[in-house]
Amino acid sequence: MSDVVEKTLTALPSLLSLDSQPGSAKLSSTSKLGALIRGITELTSKHEEEKLIQRELASLKDQVSSPNTSMRQMKEAMVRAIYCEMLGYEASFSYIHAIKLAQQGSILDKRVGYLAVTLFLNENHELLLLLVNTVLKPNVPQRYDTCNTPLVEEKLNHPKEIIRRKAVLALYKFYLIAPNQVQHIHNRFRKALCDKDPGVMFASLHIYLQMIKGYKDLTASFVTILKQVVSGKLPMDFNYHSVPAPWLQIQLLRILSILGKNDQSTSEIMYDVLDESLKRAEINHNITYAILYECVKCIYTIYPKTDLLEKAAKCIGNFVLSSKINLKYLGLKALTYVVQQDPKLALQHQMTIIECLDHPDVIIKRETLELLFRITNAQNITVIVEKMLEFLHQSKDDHTTIDLVGKVAEIAEKYPLQTMNTVFSLGGDMIQPDIPNSFLKLLSEGFESEEENKKLRLFAVDSYILLLEGETRNLPQRFLQVISWVLGEYSHLRNDLDPARVMTLLTKLLEMRQTSSETKTWVLMAMTKLCSGEASVSIARSVCEDLSSSMDTVQRQRAHELLLLSQDRALRSQLLPLCSDPEPLEVDSSLSFLDAFVSEALAAGAAPYKPPHQRQEELAQQKALSLEPYELSLPINMSSSCVTGRQSPTLMSVSSGLSGDSAELSHKGGSTTLKLEGVKRVWGREGYLSKKEPVEEVAQAEIPSPLSSPNQHTGASGTSSNTHPPIPTPEPEQEKQQLASSLFVGLGSQSSLCLVRADIYSTQDVPSHSVAVFQYSLSVIRPVVHFEVMGMLSYQSSHKSHEVEFTYKLPLTNFIRPFTVSTEQYGAMWLAFSNDTKQNLNLVTDGQDSLTDTLNVLKGKLNLHIVEIIGMEGIVACRLAQDQPCLLHCHIHAGTLAVWLRSPVPDLPDSLLYHCQRALEGT
Amino acid sequence: MQFMLLFSRQGKLRLQKWYVPLSDKEKKKITRELVQTVLARKPKMCSFLEWRDLKVVYKRYASLYFCCAVEVQDNELITLEIIHRYVELLDKYFGSVCELDIIFNFEKAYFILDEFLLGGEAQETSKKNVLKAIEQADLLQEVRHKTLRRREFLWHGHISLTRQIPGPEQNMVMLVIY
């Protein structure tokens, strides 16, 4: 608690004793407020305060509604009610009494009454009408009586100037609320302007500021008034820190700037007085700066005059260079204001502006950005947008963000390409996918003039070619996609550009390791559009050769298209016309054009289509899928789950051995893992290389012995049999590992719709009657509920080649390892992880301690580590790889186990939760 | 001017005056957010804020923040002077003002503000005239407020009040609480 409050507390008791002295009865009224305030300061919690205030309000309510309460007590009660409202508690019962007080009390009571009313009631309150009637009695006009203009009008003639002044201000308020209602008394305003009391004149300026446009003829009068004010003709009363009537001056300057805007003859009348104002305002005080600032604004608004502009520029310079931060801010603001007319001024203050850009005060920083925004041109745009985005990253205030984003967008409209290039390369892959889309739309639909469009597109092509010729490694994927689209679409606009050159550049992208497969498909599409001419076709051919064996079916498909279309010119120009119309394509989402094909297939005996989830359900019901570790003869269950619909982005890399332990686990969980209803994510699948198996079935039967070795379990990842002491095959194995890892890296194409299969053929010969064991390790890059491993085995027997496809499904649990951490470490990590999910799960209820039992089941089935159990709460941890932990917080809530999972790895909590659910379902 | 708020360093509202019609809910929301924003600012930062679509001008006097929201085209510096003039008025009226005066006599603080500003516009800029009006009103009371006596008492009770500090800015009144 602050010193002030402490001191108050020590002072209060004596204060109160003073109040209770005889003869100071008057103070007893305030002492009730005092007691209330003291009571509040003594409290320690919000809750206590609430209780106290409610008590206070209840007693207040009694007091105000009691008929015996005197006006003075009522006044005192009203003050307390205001205080309670200020603390944020409603005291609506007192509103009506406030009005009563305003009606009935003595002048002082009325005053409190009015105060309470203005604080309590808002514009739409129903009691206001009652108040209007009240107001008709006393002679001080209030600002609430909107329908009482005649009454206030009368007051304009009142002999006392303070009343006239208030009446004018009241009319000003009417004017703001309903301009039409006071139209007929405009001449009255003029009378007020000529009033012998400067105060009344000042008040009338408020009205004139609002409706000045129609009063050009008054310019000379305003100038005369200002002259008089500046030269100190007003009574001393109007001085403020020895500056004559600053409020009046500023008001007049504002009026003049409106009058002189774009009007040379009117402006000429005021040049002298402005000059005079600038000269006079030399005392080093805030108030003179205020006048100066207004003066400068005025000078830059009205029709320009050179020597005044020079003086004003000097003033701005002084502001900007000032050590006082408020003046610096205003200097920047003034610069922002004038910089469009006079960009040189900004140049003069370059260094200050740069300093302000890194100012610790965000307000200054923002104003500087605003200034930069005004001086954006084609050359500096990149830096400016960069600065703006930088600020955006740090900004937490929504209003600022919206404002800045709007500005970036505005710049983008003026300089679309430069801005978007900056946005793409800085925003990187963080930006929303629809931003590049709308940018491409902008490019293709273009602006009004065809000429502009062409220029813009050409510029885009040029700048992107330049970019690609440089270092491409650090460009974000989305930007690469945009680049390849633009090059594919618009390269032909530049006649002197050889398509083969573009093709070569694009090929470079394909060869880059960082390029994601999604980007690769964009690149391939662009190449398809481009490949015309001898050289291009040959580039296309070599690319296709490379990619025809790609793991990614989409890429393969695109490569195939490229190959075909590069050879068939007529078809290509038909499919991909050079200047494509932006006419919208009609998409037939029901695929009705395939109806004939489907019915034909059905008639031919094909099974009707089943959506993936239905297929999975059926599969789960059958439970017939064997998940036994593969025996010597590979169980062939490939077709059953070959087509599982959409591919989720799943990244896996295969590089070292699957342990027998995990294979066993998957077997254990096998009976349940296939039930997939209610699982949103569709798992991905990976194809991978399997070994040619030269072993005939007969031979396999003869070699049961080595099967007991743990290695046998690795059948999941492709096993050949070998009876003899393991023949190490290091070479091909290494080779394969490499292959495999390169295969699965980057296999995350969100758009690949087809089955992914491994088409890699290894030609290693394994002697007959032997078993070859190959080990691979899989590590999860992106978790899903199940991973699917697919492969194909081809072998030759009696000069006939056989092919066997197999798939194998690995639940995520195979990859989960216990994660040993201390409670403190757990706590530290918990807060740092951003991906989380919550759910209530079944409890194991047979034992005494259901939490421990449940967690033990989870531990057993999912291989988790129980960190600690305290009472009804337990914390559990596990991990995928070393740096991919997942933390679980469990507590018993309403008969269920409320689990909260957190992990730095996206999707891991969701996928793991699924398995937790499964594990507990059977119990 | 759209509204004026007085609040303490602890974020407690001491006085509020709204010159634009707003619902109670909005008022509370604005107050809460603005108090937070202003309190988060450091002493060396500038007194102006672009906050939502308003311009906020604030100044701290001892433990009290005076905070005004004005229209975008209004002059920031003159708004600071409005605040300052109000503080001067309070100071003159209460002797040398401190936060406690405003807490215990907040209705007086309102009356002074109403004499000075009407409908959000500076209406009577003369210190003398404002105080005259208030004192006349006080005289109407049968017994004068014992505020001053009370103040003296507080003064002896360890709370020092305002004092004049001659500085670069003439007549600048500082509120000092020990």
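## Cysteines in chain B

Let's start inside chain B: B:Cys46 has a relative accessible area of 0%, so this residue is buried. B:Cys67 takes part in no disulfide. Its nearest cysteine sulfur belongs to B:Cys68 and sits 6.9 Å away, while a disulfide needs the two sulfur atoms within 2.5 Å. B:Cys67 also counts as buried, because its relative accessibility is 0%.

Keep in mind that you're looking at a predicted model. How many disulfides does a search of the whole structure find? The count over all chains is 0.

## Helix 16 of chain A

Now hop over to chain A and find helix 16, which covers residues 306-321. With 16 residues at 1.5 Å a residue, this helix should span 22 Å. The C-alpha atoms at its ends are 23 Å apart, so the model agrees with that expectation.

Which residues of helix 16 of chain A are buried? They are A:Leu308, A:Ala312, A:Ala313, A:Cys315, A:Ile316, A:Gly317, A:Phe319 and A:Val320.

## A nonpolar patch on the surface

Further along chain A, look for a nonpolar patch on the surface. Its members are A:Leu591, A:Phe593, A:Leu594, A:Phe597, A:Val598 and A:Leu602, and together they have about 580 Å² of accessible area.

Take A:Leu602 from that patch. You'll find A:Leu602 in helix 32, residues 595-603 of chain A. Its relative accessibility is 41%, so A:Leu602 counts as partly exposed.

How values were computed:
Residues are numbered from 1 along each chain as its sequence is written. Chains are lettered from A and ligands numbered from 1 in the order in which they are written. This is a predicted model: local features need pLDDT of at least 70, side-chain atom pairs count only at pLDDT 80 or more; totals for chains, interfaces and linings use all residues. Side-chain values use heavy atoms; hydrogens and water are left out. Patches are made of residues with over 30% relative accessible area and no salt bridge: like charges are joined within 9 Å, nonpolar side chains (Val, Leu, Ile, Met, Phe, Trp, Tyr) within 5 Å. Accessible areas come from the Shrake-Rupley method with a 1.4 Å probe; for residues, only the protein chains shown count as cover. A salt bridge is a side-chain nitrogen of Lys or Arg within 4 Å of a carboxyl oxygen of Asp or Glu. Helices (H or I, at least four residues) and strands (E, at least two) are DSSP runs, numbered from the N terminus. Buried means under 20% relative accessible area, exposed over 50%, partly exposed in between (1.4 Å probe, protein chains only). The expected span of a helix is 1.5 Å times one less than its number of residues.
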